[in-house]
Amino acid sequence: MDANDMGSAGDQLTAGLAPGVEDPRYVRMPDPALEAYAQQFLEAVDELPTLRPTVGCVIPAYNEAETIAGVLDSLLQQTRLPDAIHLVVNNTSDDSVEIASHYAGPHTRMTPTGEQTTVVYVHDIGKNPDKKVGALNYGYSLVEHMDYLLGVDGDTTPEPDAIQHLVDEISSDDRIGGISAIYSIDDSAMDGVVTKFLIAGQRAQFSAFNMQNLLKGRNMAVLGGQFSIFSTQALRDVMRDSHQRTPWVSDSEVEDSLLSLQIKSAGYLTKISARARAHVGGMTTLRSLDAQQVKWNFGAIDLMWPGQRGDTKGQPFHPNLRLRWFEHLSMVINMTTRLMFLALLIGSLMIDAFVFQAWWLIPPLAAVWLNFRVAHSMQFANRRDYLFVLLVFPAELYMFIRMGHFVRAWLKFFSRQQTDNWAAQAKAERGKGIAWTYPFVALGVFFVATWAAWTQVPVETTSDLLAFGWPILGVITVLQTVWMFIKSCRRYRGFKA
């Protein structure tokens, strides 16, 4: 048989093989030495150390004796422990240091990813004129060599996987300068009708704010100091660009908002986590809620207002402040519709000209539906959250309370009062001060003044004013209702606030 015959026979042999079956003439036998080398190589790769970003936790604490143990317990139960926890106690007059001292030292915990270790340090820096800002900057000096700084308030308890989610998210993208957790308030241990009412209102307020940020590409205008993680490189860039010696400065009433603006201006992203959750301390009295909300609103106005006030530069067109402008405009519209309705209602009743129309129920029903969706979007929604919305009156009363805070903040801003709002909040939380009563007094004065004004107006003039006022209110209300309907139709895309 010649070579051509052999080739033909080989072709016939291979032609009879099923598809995918190798020609037995060319099957290579396994090389034991090569297989052993491959196994050794894979085992060596598995033994290589995994890069683990370092996280330094900073807790500024001022009279947190009632809550600090719970905060430290929640941090030590995390699936991802911080590498170090620095509790910075300042200006305290209670037992915060003594309670925290029982946690000082190393702690080891077995987690799903293996054994983890952290160390708790307790620092009592005594009198500190810069208060929380000073404590944060002191903590930064202790962890600036690490990859990330985790800021935690002295009354905030995170969910067990919160730190793990924050670290995973911020380490996945070098463009991110900071990420805030999703905040809510644990109301399981609340007692008293007023306390439960105020906490329900704050939970709804947090939920609406969280969802608004989640739906805007998870861009967060304010990295709240309650539970946020920061890239230390981003903080260094902020100090360089802003010519600051420290990341936080005491020029602003809202130090976290100002730092968030600076991080954004330095070219970084500021985000809200889609999974990390933390329970913050709520305001349980009208006095403390008033002080907190006025401080927040005043600080936001200071950042929004054009020009220079003291050492704080107003940045009205900053991307992080667009949502703030929208919030304040919405509050103005809410005030306008409610106060106009009350004034016109009083005038109509005084001359027996009030005629109820069924379609007037549409705006409040739209508001109830929108608020119901906000409540339903909460991760830990409960019966009290739904009752707050469905009973209508609690939500409306809370809106009037917020209107009072809003007006007080703007009046303080334009009056250029030199007030330490941090001290005012601390005083209010101790049960002192009467400023919280001003909105209620103002509302009472409004009712009396409106009634007195209508009594002085001739019936013909009253009729003309009502004929002019009701259509204007109707147009504003229709536009507001359409906007509420649009907001209530938004898809939440699986997010939970």
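Buried here means under 20% relative accessible area, exposed means over 50%, and partly exposed is whatever falls in between (1.4 Å probe, protein chains only). Everything below comes from a predicted model, where local features need pLDDT of at least 70 and side-chain atom pairs count only at pLDDT 80 or more, while totals for chains, interfaces and linings use all residues. Residues are numbered from 1 along each chain as its sequence is written, and side-chain values use heavy atoms, with hydrogens and water left out.

Helices (H or I, at least four residues) and strands (E, at least two) are DSSP runs, numbered from the N terminus. Strand 2 covers residues 84–89, and six of its six residues are buried, so the rest of the structure largely encloses it. Ala-84, His-86 and Val-88 point one way while Ile-85, Leu-87 and Val-89 point the other, and all are buried. As for its neighbours, two strands pair if DSSP finds at least two bridges between them. Strand 1 (residues 55–61) runs parallel to strand 2 over six bridges, with Gly-56 partnered by Ala-84. Between these two strands the chain passes through helix 3 (residues 68–76), and this β-α-β crossover is right-handed (with the strands pointing away from the viewer, the path from the first strand over the helix to the second runs clockwise). Strand 4 (residues 114–124) is also parallel to strand 2, joined by five bridges, and here Val-89 has Asp-124 as its bridge partner.

Strand 8 (residues 227–231) is mostly covered too, with five of its five residues buried. Phe-227, Ile-229 and Ser-231 point one way from the strand, and Ser-228 and Phe-230 the other. The pairing here is antiparallel: five bridges link strand 8 to strand 5 (residues 148–152), and three link it to strand 7 (residues 176–184). Tyr-148 sits opposite Ser-231, and Gly-178 opposite Phe-230.

Now for the charged side chains. A salt bridge is a side-chain nitrogen of Lys or Arg within 4 Å of a carboxyl oxygen of Asp or Glu, and the whole structure has 13 of them. One joins Lys-132 and Glu-255 at 3.9 Å, N to O. Lys-132 belongs to helix 5 (residues 131–143) and Glu-255 to helix 9 (residues 255–265), so this pair ties together parts that are 123 residues apart in sequence. Lys-132 is buried at 16% relative accessible area, and Glu-255 is buried at 4%.

Arg-240 takes part in two salt bridges, one with Asp-237 at 3.2 Å and one with Asp-241 at 2.9 Å. Asp-237 and Arg-240 are three residues apart in helix 8 (residues 232–242), which puts about one helical turn between them. Asp-237 is buried at 10%, Arg-240 is exposed at 54%, and Asp-241 is partly exposed at 41%.

The structure has zero disulfides, a disulfide being a pair of cysteine sulfur atoms within 2.5 Å. Cys-57 is buried, at 0% relative accessibility, whereas Cys-489 is partly exposed at 47%.
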